[in-house]
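User: Could you walk me through how to read a few features of this model? I would like the general idea each time, then the case at hand.

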Amino acid sequence: MSGSVDTTNKIYTLDETNGQYTFDKEVQYHDGFVMNIIPTCTDDGFISAGGDKKIFQLDTMGTPLMEYNGHDAKINSLS
């Protein structure tokens with residue numbers, strides 16, 4: 001998964017036959033820049049942080065599972 005200043009996340013799948021990634025789909029949940037993305041600890045999705053002060057937990061196909069709110073400013077780091 002990648003994130004962009006255009007507020008979108010793009011999802012890719014690894015083709016194990018040739019070692020290259022292919023584009024699957026684009027999702028848009030943030031109202032501001034996507035500032036950071038990390039895989040979940042259980043490796044079944046991603047966490048996406050944005051300039052809109054929101055964090056989204058997404059499954060591997062980009063479906064939102066949870067939205068976290070509470071920051072007063074842009075979220076630029078996850079760990």
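Analyst: Happy to! Let's begin with charge: Lys and Arg count as positive and Asp and Glu as negative, while His and the chain ends are not counted. Each charge is placed at NZ of Lys, CZ of Arg, CG of Asp or CD of Glu. Here the chain has 5 positive and 12 negative side chains, and the centres of the two sets lie 10 Å apart. This is a predicted model, where local features need pLDDT of at least 70, side-chain atom pairs count only at pLDDT 80 or more, and totals for chains, interfaces and linings use all residues. Residues are numbered from 1 along each chain as its sequence is written, and side-chain values use heavy atoms, leaving out hydrogens and water.

User: How many helices and strands does the chain have?

Analyst: Both are DSSP runs numbered from the N terminus: helices are H or I, at least four residues, and strands are E, at least two. This chain has seven strands and zero helices.

User: Is serine 48 buried or exposed?

Analyst: Buried means under 20% relative accessible area, exposed over 50%, and partly exposed in between (1.4 Å probe, protein chains only). Serine 48, found in strand 5 (residues 45-50), has a relative accessible area of 1%, so serine 48 is buried. Across the chain, 33% of the 79 residues count as buried.

User: Which residues does serine 48 contact beyond its sequence neighbours?

Analyst: Contact means heavy atoms within 4.5 Å. Leaving aside neighbours within four places in sequence, the partners of serine 48 include Asn9, His30, Val34, Phe56 and Leu78.
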